[in-house]
Amino acid sequence: MAEKTVRQRSRRNKKAGAGQVDDERVAHLIEQLKQRTVELEEANRELRHISHYRSLFLARMSHELRTPLTSIMGFTEILLDQEKLTEPQQRFCQKIQNSGVQLLTSLNQLVDLSRLEVGPAELFLQEFSLRETLREACAAVDRFAQKHEVRLEYDLAPELTTIVSDQGRLRQVLYTFLAWSLSRSREGQCVTTYAEWLDDRSLRVQIDDEGPAVKDVLRVFDPEDKPRAGKTDLNELGIIIGRRLLEVLKGSVKLENRASGGLRTLIVLPAGQPKG
């Protein structure tokens, strides 16, 4: 009996020792976890500081470059309006203007990306005319449409007059997807836009083009890890930013190949009707 009691005590001591070792191990792991958490918080603070400084730099750089660039593009347009230019001079001026537009677009996209990466943006909701906003977006891309001889048409449902949303961001979204649809179109083709209410709280904007079909519409918004050799499509980068802006507006975009040819861009976002 005494021997049996000794064995039981020995087992209990071993269990107690093992339990103590386990407790010490858990305590050590908890301490390591706390240390890693502090290190991650410090790293996140440093990344936020870097992101903030980068955004400031991009904003200032954009302003410093945009001012002279606007002057260059303005004077180039004046030169292009002159009838006395020779054909080579017109070609050179057109090249300057096209390069200026490309550079300005790149600057604007850099600033947009930096703003989106900072974090959730505040919405400036207000009542405004959707027809006027759509007209402004179409006017912004009209020069490109005329140059490539692509027709640009838009219309709204009769009951769709004023809406409540962030006018500036919605205008930019419309401009972005209109520019992309135009870039896909060839001479003589048409880009049409139609806006209507889905319900009392949702707006749908449909943009149809007659460009080539897209093999995989789900991958259009996935940026490539490596740009294609010799080609940088700013409009493709633009629609990626456009989708991010739509997410800020709590909206979405969907692409569909049309049976008759071309691509349909469906934009849906909350846009309440004014209380009246």
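A crossing of two helices is called right-handed if the near helix is turned clockwise from the far one by less than a right angle, and left-handed if it is turned anticlockwise. In this predicted model, α3 passes α4 in a right-handed crossing. The protein chain holds five helices and seven strands, and from the N terminus on these elements follow the order α-α-β-α-β-β-α-β-β-α-β-β. Of the 276 residues in the protein chain, 31% are buried, and among contacts between residues at least 6 apart in sequence, 74% join residues at least 24 apart.

**The sheet**

- Five strands make up an open sheet with mixed pairing, and their order across the sheet is β2-β4-β5-β7-β6.
- The edges are taken by β2 and β6, each of which has a single partner strand, so one side of each is left without a neighbour in the sheet.
- On average, and with direction ignored, neighbouring strands of this sheet are turned by 15° against each other.
- The strands β6 and β7 run antiparallel and are joined by six bridges; in one of these pairings Val-253 has Ile-267 in β7 as its bridge partner, and in another Leu-255 has Thr-265 in β7 as its partner.
- These two strands, β6 and β7, form a hairpin with five residues between them, and Gly-261 in the turn has a positive phi of about 110°.

**Helices α3 and α4**

- The axes of α3 and α4 come within 9 Å and cross at roughly 35°.
- Residues of α3 that take part in this contact include Leu-130, Leu-134, Val-141 and Phe-144, while those of α4 include Leu-170, Leu-174, Tyr-175 and Leu-178.
- Sorted by kind, the residues of the contact of α3 with α4 comprise 14 nonpolar, three polar and two charged.
- Helix α4 lies across β2, β4, β5, β6 and β7, and runs at about 175° to β7.

**The nonpolar core**

- The largest nonpolar core has 40 residues, and those with the most contacts inside it are Leu-130, Leu-160, Ile-163, Phe-177, Leu-203 and Ile-267.
- Two or more residues of this core come from each of α3 (130-147), α4 (167-183), β4 (190-197), β5 (202-208), α5 (234-248), β6 (252-257) and β7 (263-270), and α4 gives the most, with eight residues.
- Leaving aside residues up to four places away in sequence, Ile-267 touches a set of residues that includes Val-173, Phe-177, Leu-203, Val-205, Ile-207, Leu-246 and Val-253, and among the others it touches are Arg-204 and Ser-252.

**Loop residues with a positive phi**

- Most residues other than glycine have a negative phi, and two residues of this chain deserve a look against that background.

Key:
Residues numbered from 1 in each chain as written. Predicted model: local features only at pLDDT ≥ 70, side-chain atom pairs only at ≥ 80, totals over all residues. Heavy atoms only, no water. Core = buried A, V, L, I, M, F, W, Y, C linked by side-chain atoms within 4.5 Å. Buried < 20%, exposed > 50% of the residue type's maximum accessible area, 1.4 Å probe, protein only. Helix = DSSP H or I, 4+ residues; strand = E, 2+ residues; numbered from the N terminus. Contact = heavy atoms within 4.5 Å. Axes fitted to C-alpha atoms, helices over the stretch in contact; angles between N-to-C directions. Nonpolar A, V, L, I, M, F, W, Y, C, P; charged D, E, K, R; others polar. Pairing = 2+ DSSP bridges.
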